[in-house]
Amino acid sequence: MTAALAPAALDRADWQARRRAHEERVDAWLDPHLARRRTGAKHPVEDFLFTYYSHRPAQLRRWHPGAGVTLRDADPAEFGRDYRAGPAGLTLDTDGVRARRGDSLDWIRRLLAATAGRPAHLGCFGMHEWAMVYRQTQQEVRHNAWPLRLSPDETAAVVQERGVRCSHFDAFRFFTAPARPLNLLSPTRESQHALEQPGCLHANMDLYKWAYKLSPLVPSELVADCFALAREIRTLDMRASPYDLADLGYPPVRVETPEGRAEYAAAQRGFAERAAPLRARLLAAID
């Protein structure tokens, strides 16, 4: 579903076809989430990207061609305030969007480049999710509608035996208070550029966040590509977590065992390899 680099101008039939394809792709993710939301049901895997991140479903569904693309025979009212009509067609007001975003583009670019320039570390074995429930009861854990695979004491013993090597601030900030001193690092927002590394599941999941924060400067197909990868990563994240989600169709990756840790590291390496070209595409779009 990854779109090739867009030409400088798109005829009406071409951009409408791209928009339809994007909407159909995204609807396959949105429709089940919106149906659950109407009934008040919750899903700890499939709903995460819509509740943790700030990008609303309607924003994900809305199609943008990206900077530098002219849409022939396009109605400005369909695309909003960031577009300008000209003799050749409708184009994004790139300078206006950049001015409104201020220093955020440079912040995102520096983070992406710093992350891409480091080797992937694969030795965390998903202990960040375990640190988020460390020394909590079943009632206290975040997803308390779903049981833990081990008792609280057994879960704590795994954390203490394996240790925690989390470099990602937005995971670390959800650690329980007793778990924080067990982490090898103390990540902060200010140290994010210095610590982020491409083997981290959450750093690769966050490519979706950086993509939508760059929208509409980047094509919506790229945002959707990052969402698709983040969705798969979240599945591994929760399969390797202390939660028992087998009844939802997610067999556990038992990282408390040598076999489970090997399975996790192999999947983590695969996600790092798949995230690299997405990170490169985001950097290229900014540049």
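How many cavities of 30 Å³ or more does the structure hold?

A: This is a predicted model, in which local features need pLDDT of at least 70 and side-chain atom pairs count only at pLDDT 80 or more, while totals for chains, interfaces and linings use all residues. Residues are numbered from 1 along each chain as its sequence is written, and side-chain values use heavy atoms, with hydrogens and water left out. The structure holds 1 cavity of 30 Å³ or more, a cavity being a set of points on a 1 Å grid over the protein atoms alone where a 1.4 Å probe fits but cannot get out. About 40 Å³ of space lies in the largest cavity, a volume being the space filled by probe spheres set on the points, which are joined across faces, edges and corners. Its lining residues (those with an atom within 4 Å of a point) are Leu-111, Leu-112, Thr-115, Glu-196, Ala-203, Leu-207, Trp-210 and Arg-279. Two or more of the lining residues come from each of helix H6 (104-116) and helix H12 (207-214), helices being DSSP runs of H or I with at least four residues, numbered from the N terminus; H6 gives the most, with 3 residues.

H12 also packs with helix H13 (residues 220-239), at an angle of about 160 degrees and with axes 8 Å apart, where axes are lines fitted to C-alpha atoms over the stretch in contact and angles run from 0 to 180 degrees between N-to-C directions. H12 and H13 are therefore roughly antiparallel, the term for angles over 145 degrees. The contact (heavy atoms within 4.5 Å) is made by Leu-207, Tyr-208, Ala-211 and Tyr-212 of H12 and Val-223, Cys-226, Phe-227 and Ala-230 of H13.

Note on methods
On a 1 Å grid over the protein atoms alone, a cavity is a set of points where a 1.4 Å probe fits but cannot get out, and a pocket is an open set with protein on both sides within 12 Å along at least five of seven lines; lining residues have an atom within 4 Å of a point. Angles under 35 degrees count as roughly parallel, over 145 as roughly antiparallel, 65 to 115 as roughly perpendicular and the rest as oblique.
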